[in-house]
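Hi,

Here is the structure I promised to pass on.

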Amino acid sequence: MNADERIIVPLDVPDLESAIALVDKLPQVTFWKVGLELFTSTGPTILEILKSRQKRIFLDLKFHDIPNTVAGACRAAAGYGVDLLTVHATNGKDALKAAMEAVQVGAEKAGTQPPKLIAITLLTSISARQLAFDLKIPLELPEFALQMALLAQESGLDGVVCSPQEVTQLRETCGNDFLFVCPGVRPSWADQGDQKRSLTPSQAIKAGADYLVIGRPITAASDPELAWQKISEELSKK
Ligand SMILES: O=c1ccn([C@@H]2O[C@H](COP(=O)(O)O)[C@@H](O)[C@H]2O)c(=O)[nH]1
């Protein structure tokens with residue numbers, strides 16, 4: 001896989017028209033992420049459009065509910081033939097196992113390949129301070145992220161979404177057959193926005209990420225093509 005194919009760009013836009021405009025503007029992007037905003041607005045139509053253009057799709061709906069409900073949602077989502085699908089690790093083991101079974105069933109019923117099912121360890125917008133003081137989690141942040149990754153792995157999932165700041169330790173423990181997808185990636189010239197635990201694209205790859213999710217530094221740039229090119233050049237320098 002070349003470096004560009006490791007970049008997933010989120011279509012965090014409000015409607016189909018804006019999504020298509022962004023896809024048209026960045027033909028170099030091979031892997032797009034559809035998240036809560038766009039999927040709630042357009043439903044599966046956007047997935048059909050991306051597939052008709054031979055794009056890979058990360059359906060980032062971050063399901064979080066009781067096992068029966070998470071499994072039902074995963075069964076339905078797997079029928080769309082997407083490449084990656086997310087649930088929260090904090091669903092717990094019963095729901096994660098049910099989700100894993102459900103993606104196989106949903107994909108088989110639809111005659112498609114099951115997506116890789118990956119779990120959110122801890123949102124990259126949460127700082128160590130917020131974890132301790134707002135969420136009252138009595139573990140150090142890297143330890144919490146590690147425990148969530150291990151829970152996902154023990155439940156049979158394919159990988160996790162984690163901050164690039166934690167990926168080295170998580171990979172050391174979970175191994176190379178587990179997928180690591182890292183949002184919260186910020187080139188040195190970009191704003192942090194609401195991301196609290198970030199690294200630059202080249203640092204994130206060196207740390208062990210399989211895929212980088214990079215949104216606003218590209219999509220909100222005055223020249224998205226130039227921003228993509230700068231990131232691509234940064235990644236191609238060894
Ligand atoms: O922990 C997480 C999980 C998912 N995301 C998603 O990734 C992108 C990041 O976009 P930026 O514009 O690069 O901040 C966004 O769609 C989030 O929903 C995340 O940031 N952190």
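**Around the ligand**

In this model, which is a predicted one, the side chain of D12 has an N or O atom 2.6 Å from an oxygen atom of the ligand. R186 does something of the kind too: a side-chain N or O atom there sits 2.7 Å from a ligand oxygen. For K33, the distance from a side-chain N or O atom to an oxygen of the ligand is 2.8 Å. Taken on its own, the ligand has 460 Å² of accessible area, and the protein covers 88% of that.

**A pair of helices**

The other thing I looked at is how α7 and α8 meet. Helix α7 covers residues 141–154 and helix α8 covers residues 167–174. Their axes come within 10 Å and cross at roughly 40°, and the crossing is right-handed.

Which residues make the contact? From α7 they are P142, A145, L146, A149, L150 and Q153, and from α8 they are Q169, L170, T173 and C174. By type, that contact has 7 nonpolar residues, 3 polar ones and no charged ones.

Cheers

Terms used
Residues are numbered from 1 along each chain as its sequence is written. This is a predicted model: local features need pLDDT of at least 70, side-chain atom pairs count only at pLDDT 80 or more; totals for chains, interfaces and linings use all residues. Side-chain values use heavy atoms; hydrogens and water are left out. Axes are lines fitted to C-alpha atoms, for helices over the stretch in contact, and angles run from 0 to 180 degrees between N-to-C directions. Helices (H or I, at least four residues) and strands (E, at least two) are DSSP runs, numbered from the N terminus. A crossing is left-handed if the near helix is turned anticlockwise from the far one by less than a right angle, and right-handed if clockwise. Contact means heavy atoms within 4.5 Å. Ala, Val, Leu, Ile, Met, Phe, Trp, Tyr, Cys and Pro count as nonpolar, Asp, Glu, Lys and Arg as charged, and the others, Gly among them, as polar. A polar contact is a pair of N or O atoms within 3.5 Å; within protein, one must be able to donate a hydrogen and the other to accept it, and residues adjacent in sequence count only if both atoms are side-chain atoms. Accessible areas come from the Shrake-Rupley method with a 1.4 Å probe; for residues, only the protein chains shown count as cover.
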